[in-house]
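Subject: Structure for you to look at

Hello,

Here is the structure I promised to pass on. Please open it beside this email and follow along. My notes come after it.

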Amino acid sequence: MAFLEVKNLHVEVEDKKILNGLTLSVEKGQVAAIMGPNGSGKSTLAYVLAGKDNYKVTEGDVLLNGESILEMAPDERAARGVFLAFQYPVEVPGVATMTFLRTALNAQRKKRGEPEVSTPEFMKLVRDTASRLGISQEMLRRAVNVGFSGGEKKRNEILQMAVLQPELAVLDETDSGLDIDALKIVADGVNRLRSPARSIVVITHYQRLLNYIVPDVVHVLAKGRVVKSGGKELALELEAKGYTQFQGEAA
Amino acid sequence: MNAEVRAIKTPAEQALSAAFAAARGKLPGSGVVTALRDEAFHRFDAHGLPHRRVEEWKYTDLRALMREAKPLAEPAARTGVVTGLADVEAGRVAIVNGRYEPGWSNFNASDAGITLSELFAFAAEEKTYRLGDVPGKDDIAFWLNTAFMTGGVALRVKKNARQPVHIAHVFAGNSAAAMYPRCVVIVEPGAQLTLIESFEGPASLDYQVNSVLELVIGDQARVDHIKIGSDGEAALRLSTLGVTVGAKSAYNDFVFTTGGGIVRNQTFVRFSGEGTDASIGGATLARNRQHVDNTLVIEHAAGGCTSRERFRSVLDGQSHGIFQGKIIVNPHAQKTDAKMASHALLLSDEAEADNKPELEIFADDVQCGHGATAGALDSALKFYLMSRGIPEKQAEALLIQAFIGEAIEEIAHEGIREAIMQSAINWLGARG
């Protein structure tokens, strides 16, 4: 049984059907890329996995480690190892980054029946990871994402991911808005987290990111369902031929 | 003849008239004070309690909200302890049941920079100071305080003053009663003062407080005034602050309210000299059926002054938060820079926020603006926090704390800022 199993998922947002019988499995240790044109349902899938409100599942199920997560609140999913790197990370004024990270980590540990992280251990983990991602101490002292550039926000998502050590990481268009240097830093951050104990889902519109985060498998999404799956070479094929070949198939 | 046509007196108004008639001969103070009381009561009697058609009191309809007038509080026991802000180092002046009680106070009289007198002794001796001649003196609650003022202190603060002063208003009666404290603080030119005013009383009694603080700030002075309302949730409190600020001074005012059933903080400020910077802010945390009204009237009577008015409120349950802010720029007060903002966070569908900003600008070379918002917690922010594993209530608490913290951060005095932040955190903790 795969770690993540999405079964025949149908989802509506404000009475508009977005996912249309999506079925997908991601194994432990696998890096799966999900590619697709705009409006194919990539971000909807990411939000449904994380548990955002207003996404109405009308049919199907999502199993994590064999257990349905659809009735779980977002924080409960997080404690079970789900992490979403947002396409547009929000600014949280008045909440310092360090406080935020620590509160989140301890809340997850508490829910899993683990002791709170010690201060020195936590500080070391955050500092080391932050410096690799080019996040300064000054940024860590600021409120979460406030005044951060687009690239800094994306790097901050990867920092959170590295601190929280999820079992299922979903990266929603993490490459959007990044220049090539930032892209390399972010990809390096993700690659360091590749592990046999972790599944990573990389959602992207372009093949470019996959040069740096090389996927084990590529799924193509169109009109709310997976229309083709293959190896990493599928991404290159898409880059060459575009998505038009799939636009008709899903209908 | 001065009969005015007005509605039949409410029970509270009748009780106030009867109380004034009975107490007039016994209330403290000599000739000048008695004349002030008579005039003030006469003015009150002609108007009656303010109601919703009195624009300044639009949202705090005392005719409806003040069902009865409690009898005047008896003097408290000669000794006792003030519980609030015990950790903040300050000269403590206790005003208990509306009277200065040295036995409850901890005021270091050896600080040569501050002289303290009992209010009526001060009124009798200090011929140069005209009691009650401050901004706000034409307000109805102010008149009632003048008519009934039961006691208080006068402080004169000189350049060599060092310690913060904490005026602690305590209601310590065994049954509900009314207290009318009046304090005067005169800050001489060049002096600096951190002045804390606090209000506390039992949770179970519907006692009434009508307080007035007259604050006169000289030139090139700095005053930080922080008012903390921790009354019991059945209490009715009307607090008036009348301030004049001289030239080239700094004035920082902050009003923090968590307690009280019906609370109105009114702040009247006049900038009478040029080149002064002021920050006037506040934070309110209300729940259940609490009603908290912060009303400001800021008069830029001299040019070249900067004022920032920043208020935030968090409203839960069926509470009602009100912000009224009026900035008046007089014709010759050129180069005035005034900006006012009020933000309310509504935590329940039944909570209500009213914002009423007003600008009256009579000068042509000024920068004035205002902004007001009211809304629920941002669901996108809440989702972001929850997606990282933070449970819903904790995520809400973090966001509320951040919201109110942005207001509290304005307080310069570290000890008071931390005490107020802790009080806000405790309030959030009680939300469950």
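A definition first: two strands count as paired if DSSP finds at least two bridges between them. Please keep in mind that this is a predicted model.

**Chain B sheet**

With that definition, 10 strands of chain B form an open sheet. The order is E2-E1-E5-E8-E10-E12-E14-E16-E18-E20, and the pairing is mixed. Strand E2 (99-100) and strand E20 (367-375) of chain B are the edges, each pairing on one side only.

Look inside the sheet at strand E12 (residues 250-257) and strand E14 (residues 277-286) of chain B. They run parallel and are joined by eight bridges. B:Val255 has B:Gly282 in E14(B) as its bridge partner.

Helix H7 of chain B packs on this sheet. H7(B) touches E14, strand E16 (306-315) and strand E18 (337-346) of chain B. The direction of H7(B) makes about 155° with that of E16(B).

**Core**

The largest nonpolar core has 207 residues. Which residues have the most contacts inside this core? They are A:Phe83, A:Val170, B:Val185 and B:Val187. Helix H7 (residues 392-408) of chain B gives the most to the core, with eight residues. Domain 1 (11-273) and domain 2 (377-432) of chain B each supply at least three residues. In general, nonpolar side chains of soluble globular proteins tend to be buried together.

Leaving aside residues up to four places away in sequence, B:Val187 touches B:Val157, B:Leu193, B:Val216, B:Ile217, B:Gly218, B:Ala221 and B:Val223.

**Chain A sheet**

Chain A has an open sheet of four strands, in the order E2-E1-E4-E5. The pairing is antiparallel. Its edge strands are E2 (16-26) and E5 (67-68) of chain A, each of which pairs on one side only.

Strand E1 (residues 4-13) of chain A is joined to E2(A) by eight bridges, and the two run antiparallel. A:Val6 has A:Leu24 in E2(A) as its bridge partner. Helix H1 (residues 42-50) of chain A lies across E1, E2 and strand E4 (55-64) of chain A. H1(A) runs at about 70° to E4(A).

**Helix H8 of chain A**

Which residues of helix H8 (residues 233-241) of chain A are buried? They are A:Leu234, A:Ala235 and A:Leu238. These residues cover an arc of only 105° around the axis, so they sit on the same side of H8(A). They pack against strand E3 (31-35), strand E11 (217-222) and strand E12 (225-230) of chain A. The face turned away from the buried side of H8(A) carries the exposed residues A:Glu233 and A:Ala240. After H8(A) comes A:Gly242, with a positive phi near 80°.

**Two backbone points to check**

Most residues other than glycine have a negative phi. Two residues of chain B deserve a look here.

- B:Asn97 is not a glycine, yet has a positive phi of about 50°. B:Asn97 lies in the loop between strand E1 (91-96) and E2 of chain B. Buried or exposed? B:Asn97 is buried, with 24 other C-beta atoms within 10 Å.
- B:Lys335 is not a glycine either, and has a positive phi of about 60°. B:Lys335 is in the loop between strand E17 (320-329) and E18 of chain B. B:Lys335 is partly exposed, with 16 other C-beta atoms within 10 Å.

Best wishes

Note on methods
Residues are numbered from 1 along each chain as its sequence is written. Chains are lettered from A and ligands numbered from 1 in the order in which they are written. A nonpolar core is a set of buried Ala, Val, Leu, Ile, Met, Phe, Trp, Tyr and Cys residues joined through C-beta atoms within 7 Å. A residue is buried if 20 or more other C-beta atoms lie within 10 Å of its own, exposed if 12 or fewer, and partly exposed in between; C-beta atoms are placed from the backbone. Domain bounds come from an automatic or database domain assignment. Two residues are in contact if their C-beta atoms, placed from the backbone, lie within 7 Å. Axes are lines fitted to C-alpha atoms, for helices over the stretch in contact, and angles run from 0 to 180 degrees between N-to-C directions. The arc is that of the directions from the helix axis to the C-beta atoms.
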